[in-house]
Amino acid sequence: MKTVFQRPNALTDMPTSYCPGCTHGIIHRLVAETLDELELTGRTVGIAPVGCAVLAYNFFACDMVQSAHGRAPAVATGVKRANPDNIVFTYQGDGDLAAIGTAETVHAAARGENITIIFVNNAIYGMTGGQMAPTTMPGQVTQTSPYGRDTTTAGFPVHVCEMLASLQGTAYCERVAVDSVPNIRKAKAAIKKAFQNQVDGKGFSLVEVLSTCPTNWGLTPVKALDWLRDNMMPYYPLGVYKDRSAEEL
Amino acid sequence: MEKVLMKGNEAIAEAAVMAGCKHFFGYPITPQNELAAYMSQRMPRVGGTYLQAESEIAAINMVIGAAAAGVRAMTSSSSPGIALKSEGLSYLAGCDLPAVLVNVQRAGPGLGGIQPSQADYFMAVKGGGHGDFHTVVFAPNSIQEMVDYTFAAFDIAEKYRVTVMLLTDGILGQMMEPVALIAPETKAPAEKPWAVTGTKGARPKNIVNSLYLSPELLEKVNIARFERYDEIKRNETRCELYKTDDAEICVVAYGAASRISRNAVEMARAKGIRAGLIRPITLWPFPSDAILEAADRVKAFTVVEMSMGQMIQDVELAARCKKPVNLCFRTGGMVPSPEEVLKSIEEVLR
Ligand SMILES: Cc1ncc(C[n+]2csc(CCOP(=O)(O)OP(=O)(O)O)c2C)c(N)n1
Ligand code: SF4
């Protein structure tokens, strides 16, 4: 019998803690497939965030560090500077990366830190029960924007790829989505590139993945995918925002 | 051994490099700047990393990463910056990571002032982060001790997997003294099997983590950590006793204040008062036994602090109300004079 589909070796057999239909699982798989295909698992140290992916240290088969809320890029910097031969990645949500950890994110990029960041943008604080996030869209209803995000008092969302693309230190940043098979394939290619860049010493690479939170959006998994497509993708356009990876070192 | 004239801040930095610390993460703040500046000059020459972080929070999280990866790592700051590092101190403890931290204290609260102070005793000894944990705190009182306890700090940090803080102040950081730079043989374990260095397919994965969702498990982990703290109390508590054998009054002071207090003890002795000095060298663990022992013999204690009085609480606890405990203090960056300490000695004896 021929095996046509199996769990990537870079994922452990621990059942994940994600809600049914949550796209965190897909993104984990794409990272793990990348580690398998580039044969990086034994060299890799992953940094788990504070957020729904806090238990990622149980799910990836490589060495892992669990960091404080928002500090993953600083922790990753410490690991990478200690052992530059290690491949170091962070896996962070939008609250973690674009609110409490904004300084750590921006300055890791500004330094051109040779690390890879997987940034999961689901427009909400998932783990704490669905509060407004730095990426919550104008008008979006959350637990703490019950009348919809009012930009006159709550301001505007942070567009992470656009912001980081303006920094000289950023080597590569791309926004992808995991709403459909073609987009998942593109997301995989972007994640693989972000890791390959690190192997090649190209510097700071970040992939922003538009992701769903059916539980806190109050939608079925399928409707959540539609909502992502109809609402998030127009507001957060997919595409490559910066790519210096073809440049000679 | 030949001695060199060095500033306290620079002496700590050089000792750290000699101790094998190749990773320093800092952020500018007076009066500790010479330490980071020295590192920025020295680290590239020894193949190490000097990184000026975007904040003290980032700096200590970089220390967390480097420590998790198994290397000797260090950060330094002064009072307001140490407050920001308290999140990291808690995570270092929760993750059982070895790290060394220097606080060159200045006056507070708030932006306070840049003059020397000892007002971070509570932050260093009682708090500095959420949860059940301790930081080992050394309080050197000379440049030589700053060097010696920097070596000790790295060893103790690795032996017990704890954070060790060198609590100094603007006086010690800025002043110069001749110092012998001799690296003792390290007593730290050679291997760090828990470090995240990549499995290389040769061992099960390592996880550096402070999250325990099961309260039963977290309780066990915390109790086990405190058993290690008990071991530290037994093995590492240090204090200096100066002329305490026949003392009728004991001054208790650490760091810069202890140097002034020692002068006051001599002045008192010249006047026929049998004064002595108990100088805690570790503030956590606190040398409570030395205080308790003295409490049976002396008439009173005078605690000398460059703060509104913080260590005095530990002295009172240790003395178990057996004898009166007086406070001689200056605050806000002011330094007590030996005459002021002498006056306090005479007062408490009256
Ligand atoms: C210092 C600190 N502040 C707040 C929290 C509480 N907290 C836990 S998870 C989280 C939000 C995470 O949201 P996000 O980063 O968007 O990730 P998601 O859960 O949506 O995947 C917050 C605020 C914390 N653990 N630590
Ligand atoms: S709360 Fe939202 S982001 Fe978190 S696991 Fe559930 S669906 Fe996913």
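How many helices and strands does chain A have? I looked this up to start, and chain A has 10 helices and seven strands (DSSP runs numbered from the N terminus, with helices being H or I of at least four residues and strands E of at least two).

A note on the model: it is predicted, so I keep in mind that local features need pLDDT of at least 70 and side-chain atom pairs count only at pLDDT 80 or more, while totals for chains, interfaces and linings use all residues. Residues are numbered from 1 along each chain as its sequence is written, and chains are lettered from A and ligands numbered from 1 in the order in which they are written.

Next I checked overall form. Chain A has a radius of gyration of 17 Å, close to the 18 Å that the globule rule gives for 249 residues, so it is as compact as a globular protein of that length (taken over C-alpha atoms; the rule is 2.2 Å times the number of residues to the power 0.38). Its C-alpha atoms fill a box of roughly 50 × 50 × 30 Å along the principal axes.

Then I turned to where the chains meet. I found 33 residues from chain B and 28 residues from chain A in the contact (C-beta atoms, placed from the backbone, within 7 Å). On the chain B side, α3(B) gives the largest share, nine residues.

Last, I looked at the strands. Strand β2 (residues 63–66) of chain A and β10(B) run parallel, joined by two bridges (strands pair if DSSP finds at least two bridges between them). Here M64(A) stands opposite I207(B).

Technical notes:
Contact = placed C-beta atoms within 7 Å.
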